[in-house]
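Look over the sequence and the fold before reading on.

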Amino acid sequence: ADNLSDALKNLKITTTDSTADSLEGCLDCLLQALAQNNMETSEKIQKSGVLQVFASLLMPQSSCTAKVANIIAEVARNEFMRNPCVDAGLIPPLVQLLNCKDQEVLLQTGRALGNICYDSHEGRNAVDRAGGAHIVVDHIRSLCSKTDPASEKLLTVFCGMLMNYSNENDTLQSQLINMGVIPTLVKLLGIHCQNAALTEMCLVAFGNLAELESSKEQFAYTNIAEELVKLFKKQIEHDKKEMIFEVLAPLAENDVIKLQLVEAGLVECLLEIVQKTVDSDKEDDIAELKTASDLMVLLLLGDESMQKLFEGGKGSVFQRVLSWIPSNSHQLQLAGALAIANFARNDGNCIHMVDNGIVQKLMDLLDRHVEDGNVTVQHAALSALRNLAIPVVNKAKMLSAGVAEAVLKFLRSEMPPVQFKLLGTLRMLIDAQAEAAEQLGKNVKLVERLVEWCEAKDHAGVMGESNRLLSALIRHSKSKDVIRTIVQSGGIKHLVTMATSEHVIMQNEALVALALIAALELVTAEKDLENAQLVQILHRLLSDDRSAPEIKYNSMVLICALIGSEPLQKEVQSMAFLEVVSKLRSHENKTVAQQASLTEQRLAVES
């Protein structure tokens, strides 16, 4: 301790008069003390005011420079020392030292700057202002192809410095991307794949940068996919695989890179991991299984990569994914169902899958999760069924396979994501299927639940889908029984509200359903239509210049149907509809203009 105090005093007294030897002695003493107790020594250094002295010792031609930089690097390992290092003005002279040729000086300077930047906003800004990142990127470029131990050590430190510099800072990450650091780092990874420390630094740097959209475009022009897959195949340790996964996940969000990863053989690696870990209960294996299967699903989100793996439904990858669905692992069931939902993104694939028995597998899976089931698996299986039900030829096949009944078992669910998918699946299934629409529309339990969900204000998606299914039951069944069930369950007011939706498609669906109600069961629905103020809403829709042509057209069709009811006719007469409708006779849309003439005639006759 006395030695340390003396050394600090000597350093403080004068740096100019000291001989190089006595200066070296003081610095050695500091390094020794830091090695024994870094935190305590750093506190003493800070209190002594020596940090300011260091700025003047960082001279390129001095023999002590590397030691001073080393001391700063050691001190800056402590969080409380980083700002004082910035305040002592150490950053500009350190950045200047990056221009010197001495490898030891470069190494210690890189360490010092990297440590000052670690988790320090002020440190990063100071390095940015001094232009440190540019010089480091240039060094990495010129050293990139050198494989001697000293160069690799220097590269590791410089990559680490850039990583600390840009971590969690979008602006500085963008700056590095604009400097073109990505192709350099990818090249580095290829050349130095045998050097564990350097590869690790590259991976963390990629992880930092890969979150930014602009980086993905640059990565797509490199052979990153190939390099990462090559590296991945060599890994045995869980932690190393995890590091590569952390880079792969954000990169795989880019469609071009998705395809590159598929072509580089990542899928085979992932399937192998799944096979090895599926029956294990070790924590690492469970985590690896989840990451691998999640990544697999992500690769299937790209249209090209998905089609490549589907291979007309004959692909080995597609077949392997199918085998996940009956698995006992919830994670694999989930990934399998999500993968099917992703494969089911075009009609050809959907038709092939339904013809090859995928529906039964998904229904069996749903059956396993009816009672206290896994919500994510329910959601994924319903997503897959909904997508499969989109092609017209699949609807009847799926209905006769009992999909509607399987889906209705989840009506009790209190989970909005499950409710949302359940509604979407039923709506897809009954599209233009009159018999199924009638059967479901007469199901009082279903209709009552729909009416309840039409009020789910906290869940706009569920609310919207409930309204759309309610309207679809009427539009596709054109059945008086269905209309009566909906009237008795209190559904009319929701259809009237739906006519005021901000989405034209929903407005239109509501108006068509209401027109069918007025044509088929006006007496039954009369009171509810009156209470829901339908006539006022129609007046508003017709008067509003922003209403779409089809909305105006269907509103007029509805008005003509409503005047068959005495109370509703009185309302129509009291609201000067003639005036609004006669203006629409000159509407630019011919169909609207024609319907305006017809409506005007009807109104004139009735008045």
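Helix axes are lines fitted to C-alpha atoms over the stretch in contact, and angles between N-to-C directions run from 0 to 180 degrees. Keep that in mind for the helix pairs below. The model is predicted.

**Helices H22 and H23**
- Helix H22 spans residues 316-324, and helix H23 spans residues 330-343.
- Their axes come within 7 Å and cross at roughly 135°.
- The crossing of H22 and H23 is left-handed.
- H22 contributes Phe318, Val321, Leu322 and Trp324 to the contact.
- These meet residues of H23, including Leu332, Gln333, Ala335 and Phe343.
- By class, the contact of H22 with H23 has 9 nonpolar, 2 polar and no charged residues.

**Helices H30 and H33**
- Helix H30 covers residues 434-441, and helix H33 covers residues 480-488.
- The two pack at an angle of about 30°, with axes 9 Å apart.
- H30 and H33 are therefore roughly parallel, because the cut-off for that class is under 35 degrees.
- The crossing of H30 and H33 is left-handed.
- Ala437, Glu438 and Gly441 of H30 touch Asp481, Val482 and Thr485 of H33.
- That contact divides into 2 nonpolar, 2 polar and 2 charged residues.

- Residues 89-131 are 74% helix and 0% strand, with end C-alpha atoms 15 Å apart.
- Residues 357-389 are 76% helix and 0% strand, with end C-alpha atoms 14 Å apart.

Technical notes. Residues numbered from 1 in each chain as written. Predicted model: local features only at pLDDT ≥ 70, side-chain atom pairs only at ≥ 80, totals over all residues. Heavy atoms only, no water. Helix = DSSP H or I, 4+ residues; strand = E, 2+ residues; numbered from the N terminus. Left-handed = near helix turned anticlockwise from the far one by under 90°. Contact = heavy atoms within 4.5 Å. Nonpolar A, V, L, I, M, F, W, Y, C, P; charged D, E, K, R; others polar. Parallel < 35°, antiparallel > 145°, perpendicular 65-115°, else oblique.
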